[in-house]
Amino acid sequence: MAKKRPHTKAKRPQGTGGVGTAGADGQVPVVGAREPCPCGSGRRYKACHGRAAAQAVTELVQRPFEGLPGECDWVALRELVPAATVELKLREALPEGVPSVTLATVLPMAWPALRRDDGSVLIGLQNDTASGDISRDLADTLQRALVAEPGTPVQGRRAPADGPRLQDLLDPEGEFEPVVHTGFEFWVPDTENATPEVTASLERANSAAIPTVKLSGVDAAYWCETPDKNHLRWVMPHPEERLLDALARLHAAGDSSLGEGTRLVGSFRAHGLTVPVWDLPTGVGADDIEKPAAEFAERLAAALAEESPLTPDERRARGGLTNRQVTLS
């Protein structure tokens with residue numbers, strides 16, 4: 001068991017009548033939850049400055065990927081895409097011995113991160129996180145992975161409340177270009193020499209992966225194949241209320257489909273963004289939907305620019321879309 005850090009009770013500064021400053025930089029250090037707060041208030045840390053620290057860790061960040069290049073694709077890889085990878089570029093140069101950092105949808109045994117034998121780093125995106133800020137949790141995992149021993153996984157933990165976020169670590173000018181895979185063979189460079197545990201995890205993951213393709217003509221739109229029908233799920237950056245108005249205008253005008261046999265069936269919210277969903281006939285593949293999606297994008301841009309109030313038919317269409325909306329996160 002770790003020993004408690006020694007502490008001394010700070011004196012309250014004269015003449016302030018309130019909480020004092022614990023350090024020269026104005027930061028109150030972290031101590032045990034039941035110990036006196038170093039600020040000199042006389043209260044326990046958990047009831048004083050510890051309360052704000054705990055709230056900073058647990059408060060839900062509605063758009064954790066806001067400000068990152070490719071925010072819509074971050075959301076898609078977190079919620080929609082089974083197997084994909086993206087090469088990440090950091091603000092600072094990579095540490096010696098780390099040739100690359102790659103974001104992956106998931107890793108074997110649901111590891112948060114893995115430092116490979118060659119020193120490269122893989123970060124898992126679809127893991128459960130300990131706080132309400134996915135960006136801070138992932139940044140903490142990334143920092144620990146960069147200094148982990150080669151050949152070892154990185155376990156999850158609660159990120160420090162004052163720790164950096166991905167927005168602080170990643171190059172804001174770096175491109176975010178997902179590569180969608182048919183399976184999870186990217187986990188191991190040599191599948192023949194993988195451990196039995198990794199091999200079993202790979203087989204389970206591959207058997208459950210839904211075939212998915214990223215459209216090339218529009219941003220953050222992903223076709224997927226299911227036994228009964230296919231779907232297009234399109235993560236959009238527009239403000240939710242304005243987007244729903246635009247979709248309602250198109251739906252009421254009969255312009256919301258992507259071609260014969262396709263249907264806009266609703267949308268869901270994920271990490272602060274809205275994701276419209278279309279049902280597609282089984283025979284409609286990803287290549288078949290490229291042109292209709294590009295044409296829809298043009299119609300949507302015009303509908304988004306419309307400022308007039310919704311008509312009664314458009315309001316009814318909007319109500320139907322709203323009733324079929326689901327929140328994922």
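Trainee: Which residues does Arg165 touch, not counting residues up to four places away in sequence?

Mentor: A contact is a pair of residues with heavy atoms within 4.5 Å. By that test Arg165 touches Val61, Pro64, Asp133, Ser135, Arg136 and Ala139, with residues up to four places away in sequence not counted. This is a predicted model, in which local features need pLDDT of at least 70 and side-chain atom pairs count only at pLDDT 80 or more, while totals for chains, interfaces and linings use all residues. Residues are numbered from 1 along each chain as its sequence is written, and side-chain values use heavy atoms, with hydrogens and water left out.

Trainee: Where does Arg165 lie, and does it count as buried or exposed?

Mentor: Arg165 is in the loop between strand 5 (152–154) and helix 4. Elements are DSSP runs numbered from the N terminus: helices are H or I with at least four residues, strands E with at least two. Buried means under 20% relative accessible area, exposed over 50%, and partly exposed in between (1.4 Å probe, protein chains only). Arg165 counts as buried because its relative accessibility is 18%.

Trainee: Why does Ala209 count as partly exposed?

Mentor: Its relative accessibility is 21%, so Ala209 counts as partly exposed. Ala209 sits in the loop between helix 5 (196–208) and strand 7. Leaving aside neighbours within four places in sequence, Ala209 is in contact with Pro82, Thr182 and Phe184. Its C-alpha atom is separated by 6.9 Å from that of Gly183, which is 26 residues apart along the chain.

Trainee: What do the totals for the protein look like, in helices and strands?

Mentor: The secondary structure comes to 8 helices and 12 strands. Of the 329 residues, 45% are buried. Among contacts between residues at least 6 apart in sequence, 61% join residues at least 24 apart.

Trainee: What is the order of strands in the open sheet of 6 strands?

Mentor: Two strands pair if DSSP finds at least two bridges between them. Here the order is 7-8-9-11-10-12, with mixed pairing. Strand 7 (212–214) and strand 12 (325–327) are the edge strands, each pairing on one side only. Angles run from 0 to 180 degrees between N-to-C directions, with axes fitted to C-alpha atoms, for helices over the stretch in contact. Neighbouring strands of this sheet are turned by 25 degrees against each other on average, direction ignored. Helix 7 (residues 286–305) packs on the sheet and touches strand 7, strand 8 (221–225), strand 9 and strand 11, with its direction at about 40 degrees to that of strand 9.

Trainee: How many bridges does strand 9 form with strand 11 and with strand 8?

Mentor: Strand 9 (residues 230–234) pairs with strand 11 (residues 273–280) in the antiparallel sense over 4 bridges. Strand 8 and strand 9 are also antiparallel, over 5 bridges, and a hairpin joins them through 4 residues. Arg233 takes part in both pairings: its bridge partner in strand 11 is Val277, and Arg233 is the partner of Tyr222. Asn230, Leu232 and Trp234 point one way from strand 9, His231 and Arg233 the other way, and all are buried.

Trainee: At what angle do the axes of helix 6 and helix 8 cross?

Mentor: Helix 6 (residues 240–252) and helix 8 (residues 312–323) have axes that come within 8 Å and cross at roughly 120 degrees. Residues that meet there include Leu244 and Leu247 from helix 6, and Ala317 and Leu321 from helix 8.

Trainee: Which residues have the most contacts inside the largest nonpolar core?

Mentor: A nonpolar core is a set of buried Ala, Val, Leu, Ile, Met, Phe, Trp, Tyr and Cys residues joined through side-chain atoms within 4.5 Å. The largest has 41 residues, and those with the most contacts inside it are Trp74, Val101, Ile123 and Val235. Elements supplying at least two residues each include helix 2 (71–79), strand 1 (84–88) and strand 10 (263–270). Helix 3 gives the most to this core, with 6 residues. Apart from this core lies another, of 24 residues, among them Ala221, Leu247, Leu264 and Ala286.
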